[in-house]
Amino acid sequence: MSKRTHTVLLPYAALTATLGLAGAAWAVAVRQMSGMDMGVATRLGSFAFFVAVWVAMMAAMMLPGAAPAVARRVDASGRVRTVPLFVGPYLAVWTLVGVAVYALYRPHGSVAAGAIAVAAGVYELTRLKQHFRRRCRESVGSGFEFGLYCVGSSIGLMVLLVAVGVMSVTWMSVIAVLVLGQKLLPPKAAIDVPLALATVGLGVLIVIAPSWVPGLTPPM
């Protein structure tokens with residue numbers, strides 16, 4: 001294989017490796033989260049257990065959207081070792097978010113969950129959110145910097161996940177799809193505004209009729 005061909009194939013190899021890691025993380029996360037979901041009454045377990053679950057969740061949810069950025073970095077550097085050097089700090093940023101979640105989280109009621117969902121929906125419409133979303137889709141210098149921008153972009157949706165069911169595979173899947181779409185697609189009011197309003201509407205529904213939201217409260 002010529003050096004030129006090797007260089008051309010590197011971004012594709014990086015893309016495949018990143019998506020493969022995400023797939024493996026999905027398998028690990030689903031297994032670790034089995035039986036843990038109690039909706040708003042979910043308990044996080046020990047710190048070590050939660051961090052392990054959280055890292056698997058973040059790798060599963062966030063790496064697919066980060067894969068194009070990883071491929072661009074490898075293409076620019078021409079070195080395969082760029083993959084762990086970019087992905088490692090990127091996931092480290094999300095791990096710090098998990099530490100904050102563990103410190104602040106408490107089992108809560110539907111009113112608190114609904115209020116958080118409304119706040120998350122409102123955040124989706126702010127200029128700050130749009131700024132971070134734009135930066136999360138651009139080329140950046142490091143995985144750490146990229147992680148900071150992507151946290152700013154996705155924090156509303158992640159807080160929503162924590163509020164309604166932090167150990168719910170169903171909610172994790174829904175939020176993962178939304179995060180991926182926002183990372184890969186440019187902002188469009190025709191999509192973004194209805195999504196934000198739907199999130200606000202979900203929050204209102206949670207407050208006034210929590211029983212209508214499947215899995216929100218544990219069975220009696």
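Leaving out residues up to four places away in sequence, Tyr 123 is in contact with Leu 128, Lys 129, Phe 132, Gly 152, Ile 155 and Gly 156. The model is a predicted one, and within it Tyr 123 belongs to helix α4, where its relative accessibility of 16% falls under the 20% limit, so that the residue counts as buried.

**Helix α4 and helix α6**

- Two packed helices are described by the angle between their axes and the distance between the axes.
- For helix α4 (residues 110–123) and helix α6 (residues 143–165), the axes come within 9 Å of each other and cross at roughly 165 degrees; because an angle over 145 degrees counts as roughly antiparallel, α4 is described as roughly antiparallel to α6.
- The handedness of the crossing between α4 and α6 is left-handed.
- On the α4 side the contact involves Ala 113, Ile 116, Ala 117, Ala 120 and Tyr 123, while on the α6 side Gly 152, Ile 155, Gly 156, Val 159, Leu 160 and Ala 163 take part.
- Sorted by class, the residues in this contact of α4 with α6 comprise nine that are nonpolar, two that are polar and none that are charged.

**Residues at the end of helix α4**

- Val 122 is also found in helix α4, and with a relative accessibility of 46% this residue counts as partly exposed, whereas Tyr 123, at 16%, counts as buried.
- Between the C-alpha atoms of Val 122 and Gly 156 the separation is 8.8 Å, although the two residues are 34 residues apart along the chain.
- The C-alpha atoms of Tyr 123 and Pro 194 are separated by 13 Å, and these two residues stand 71 residues apart along the chain.

**Aromatic pairs**

- The count of aromatic pairs, taken with ring centres within 6.5 Å, comes to six.
- One of them joins Phe 50 and Tyr 102 in a tilted arrangement, with 5.7 Å from centre to centre and 35 degrees between the planes.
- Phe 50 lies in helix α2 (residues 47–77) and Tyr 102 lies in helix α3 (residues 82–104), so this pair ties together parts that are 52 residues apart in sequence.
- Another tilted pair is formed by Phe 86 and Phe 146, for which the centre-to-centre distance is 5.5 Å and the angle between the planes is 40 degrees.
- This second pair links distant parts of the chain, with Phe 86 in helix α3 and Phe 146 in helix α6, 60 residues apart, and both Phe 86 and Phe 146 are buried.
- Phe 50 and Tyr 102 also belong to a cluster, in which ring pairs link them with Phe 47 and Trp 54.

**Thr 18 in helix α1**

- Thr 18 is a residue of helix α1 (residues 3–33), and its relative accessible area of 2% is under the 20% limit, so Thr 18 is classed as buried.
- When residues up to four places away in sequence are not counted, Thr 18 touches Leu 63, Ala 67, Val 70 and Val 83.

Methods: Residues are numbered from 1 along each chain as its sequence is written. This is a predicted model: local features need pLDDT of at least 70, side-chain atom pairs count only at pLDDT 80 or more; totals for chains, interfaces and linings use all residues. Side-chain values use heavy atoms; hydrogens and water are left out. Axes are lines fitted to C-alpha atoms, for helices over the stretch in contact, and angles run from 0 to 180 degrees between N-to-C directions. Helices (H or I, at least four residues) and strands (E, at least two) are DSSP runs, numbered from the N terminus. Angles under 35 degrees count as roughly parallel, over 145 as roughly antiparallel, 65 to 115 as roughly perpendicular and the rest as oblique. A crossing is left-handed if the near helix is turned anticlockwise from the far one by less than a right angle, and right-handed if clockwise. Contact means heavy atoms within 4.5 Å. Ala, Val, Leu, Ile, Met, Phe, Trp, Tyr, Cys and Pro count as nonpolar, Asp, Glu, Lys and Arg as charged, and the others, Gly among them, as polar. Rings of Phe, Tyr and Trp (its six-membered ring) pair if their centres lie within 6.5 Å; planes under 30 degrees apart count as stacked, over 60 as edge-to-face and the rest as tilted. Buried means under 20% relative accessible area, exposed over 50%, partly exposed in between (1.4 Å probe, protein chains only).
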